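Reader: I am new to this structure and would like to learn how to read it. Could you take me through some features one at a time?

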Amino acid sequence: METIDLKELFEYYKSKFGIVILFVALVGILGCLYGLFVQKPMYKSSTSIVLISESKDNSQLTYNDVSVNQNLVSTYSEIVKSKRILNQVINNLNLDYSYGALSNNIEVSSVTGTQIIKITVTDGNSKTAMKVANEIAKVFSKEIPELYNISNVNILDTAEVASSAYNVNIAKQSTIFLLAGLALGLGVVFVMYYFDRSVKNASQIEDKLKLPVLATVREYRG
């Protein structure tokens, strides 16, 4: 494998500095344009529900109540995304969504060691995301008594309108694209250097041919 002279490579990069800057500028501009005009902003809104004891007297809450509720968290998390719940949400809000499309936009998670279930909805419209999250919690709370004949679900936190898109950060994305442009530019120049077979100075001839250079001829400019 041909060895690379780091000093020579550095000088080559200096001579091709304009190419590196061009790639940085080009990729950086394309990244900004993508973030501003192409990338679709998405918003997230979350609501939380908590499983409680059927007894209204908190002093009567037993370890068994807590244990049963914690065991139900996984089951309830699946019910949240069931057709029975989501189809009602679609009808109640007149959403232009199929069940599958809406289900893909919903994330249900449980807070480890607690009786809390968090429902997060993603949508291109911040208000729609909020309305869907709150409606899911409302419908779910009404359906559980019919499914299990128990009333142990309360809404803990209602969803609010997201102030900004979670997937768009122009400053962060611009930095990433600029670094990507720098890496691409450096890579292109390295490939150019690696496949460049031209002789740039007398020392290269000595290194390649293992022969001393006796004289050099300068270009005459009359």
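Reader: Where is Ser-141 placed?

Author: In this predicted model, Ser-141 lies in helix 6, which covers residues 126–148.

Reader: Which backbone atom does the side chain of Ser-141 reach?

Author: For a polar contact, look for a pair of N or O atoms within 3.5 Å. Here the side chain of Ser-141 comes to 2.8 Å from the backbone oxygen of Ala-137.

Reader: Which residues does Ser-141 touch, leaving out those up to four places away in sequence?

Author: With that limit, Ser-141 touches Val-153 and Ile-155.

Reader: Let us turn to Val-38. Is Val-38 buried or exposed?

Author: Exposed means over 50% relative accessible area. Val-38 has 58%, so this residue counts as exposed. Val-38 belongs to helix 2, residues 17–38.

Reader: Which residues form the nonpolar patch on the surface?

Author: Val-38 forms the patch together with Leu-26, Ile-29, Leu-30, Leu-33, Tyr-34, Leu-36 and Phe-37. The accessible area of these residues together is about 850 Å².

Reader: And the protein as a whole: how many helices and strands are there?

Author: The protein has eight helices and four strands. Read from the N terminus, their order is α-α-β-α-α-α-β-β-α-β-α-α.

Reader: What share of the residues counts as buried?

Author: Buried means under 20% relative accessible area. Of the 222 residues, 30% count as buried. The protein exposes about 14700 Å², and 57% of that comes from carbon and sulfur atoms.

Reader: What share of the contacts joins residues at least 24 apart?

Author: Taking contacts between residues at least 6 apart in sequence, 76% join residues at least 24 apart.

Definitions and conventions:
Residues are numbered from 1 along each chain as its sequence is written. This is a predicted model: local features need pLDDT of at least 70, side-chain atom pairs count only at pLDDT 80 or more; totals for chains, interfaces and linings use all residues. Side-chain values use heavy atoms; hydrogens and water are left out. Patches are made of residues with over 30% relative accessible area and no salt bridge: like charges are joined within 9 Å, nonpolar side chains (Val, Leu, Ile, Met, Phe, Trp, Tyr) within 5 Å. Accessible areas come from the Shrake-Rupley method with a 1.4 Å probe; for residues, only the protein chains shown count as cover. A salt bridge is a side-chain nitrogen of Lys or Arg within 4 Å of a carboxyl oxygen of Asp or Glu. Helices (H or I, at least four residues) and strands (E, at least two) are DSSP runs, numbered from the N terminus. Buried means under 20% relative accessible area, exposed over 50%, partly exposed in between (1.4 Å probe, protein chains only). A polar contact is a pair of N or O atoms within 3.5 Å; within protein, one must be able to donate a hydrogen and the other to accept it, and residues adjacent in sequence count only if both atoms are side-chain atoms. Contact means heavy atoms within 4.5 Å.
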